[in-house]
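I opened a new structure today and kept notes as I went. The entries below follow the order in which I looked things up.

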Amino acid sequence: QFVIVRTVSPWAAALRDGRSELPEVTAAAKATIIFRAYVFAFSNITDSTFPFYSNDPALQQVYEDMGLTPGAWSFEPLTLDMRGDILNGLRHALLGCREGDVVEAYMTYNMAYGDKYVSTIPRESPVAWFFTVESVEYDE
């Protein structure tokens, strides 16, 4: 089965006058996000739950203090070309989002990484991606 649940923070969306005028992620867009990726263990993900992967610069020092080699991965915003090779669940979660949206996306393993083995994730574990859409761009 393929399952993805996307939640755009309703209070954040409601507080943003003009949200409908902001650029929308479409199948032909490039979306830039700041994200935190978690193994979803069917319990609440709280501020004390540490992501297995993130590009959030607020977490860079914590990762390095835990032993991550500086420069091992980027803490810059990630730009995803929706026409390219990205996680299927992330593609579905992004479609329809607008610049500035704060999103929680929960997905089964087959929507996240499929049959590929990912060393930091227990086999067939669902994952959650929490992200903010920083910008949306379209090719001319």
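I started at Ser 54, which sits in strand S3, residues 53-54. Strands here are DSSP runs of E with at least two residues, helices are runs of H or I with at least four, and both are numbered from the N terminus. I noted that this is a predicted model, where local features need pLDDT of at least 70, side-chain atom pairs count only at pLDDT 80 or more, and totals for chains, interfaces and linings use all residues. Residues are numbered from 1 along each chain as its sequence is written, and side-chain values use heavy atoms, with hydrogens and water left out.

Is Ser 54 buried or exposed? Ser 54 counts as buried because its relative accessibility is 0%. Buried means under 20% relative accessible area, exposed over 50%, and partly exposed in between, with a 1.4 Å probe and protein chains only.

I then checked the side chain of Ser 54. A polar atom of that side chain lies 2.7 Å from the backbone oxygen of Phe 35. The side chain also reaches the backbone nitrogen of Asp 56, at 2.9 Å. Leaving aside neighbours within four places in sequence, I found Ser 54 in contact (heavy atoms within 4.5 Å) with residues including Phe 35, Tyr 63, Trp 73 and Phe 75.

Next I looked at Val 62, in helix H2, residues 60-65. Val 62 counts as partly exposed because its relative accessibility is 34%. With Phe 50 and Met 66, Val 62 forms a nonpolar surface patch of about 270 Å² of accessible area together.

Then came Ser 125. I found Ser 125 in the loop between helix H4 (109-112) and strand S6 (127-138). At 11% relative accessibility, Ser 125 counts as buried. Ser 125 and Thr 108 are 17 residues apart in sequence and 7.0 Å apart in space, C-alpha to C-alpha.

Which residues touch the most other members of the largest nonpolar core? Of its 24 residues, I listed Val 25, Ile 33, Leu 94, Trp 129, Phe 131 and Val 133. A nonpolar core is a set of buried Ala, Val, Leu, Ile, Met, Phe, Trp, Tyr and Cys residues joined through side-chain atoms within 4.5 Å. Strand S2 (29-39), helix H3 (88-94), strand S5 (102-107), H4 and S6 each give two or more residues to this core. Another core, of five residues, lies apart from it, and Tyr 38 and Phe 130 are among them.

Last, I took the overall view. I counted four helices and six strands. From the N terminus on, they run β-α-β-β-α-β-α-β-α-β. Of the 140 residues, 36% count as buried.

Technical notes:
A polar contact is a pair of N or O atoms within 3.5 Å; within protein, one must be able to donate a hydrogen and the other to accept it, and residues adjacent in sequence count only if both atoms are side-chain atoms. Patches are made of residues with over 30% relative accessible area and no salt bridge: like charges are joined within 9 Å, nonpolar side chains (Val, Leu, Ile, Met, Phe, Trp, Tyr) within 5 Å. Accessible areas come from the Shrake-Rupley method with a 1.4 Å probe; for residues, only the protein chains shown count as cover. A salt bridge is a side-chain nitrogen of Lys or Arg within 4 Å of a carboxyl oxygen of Asp or Glu.
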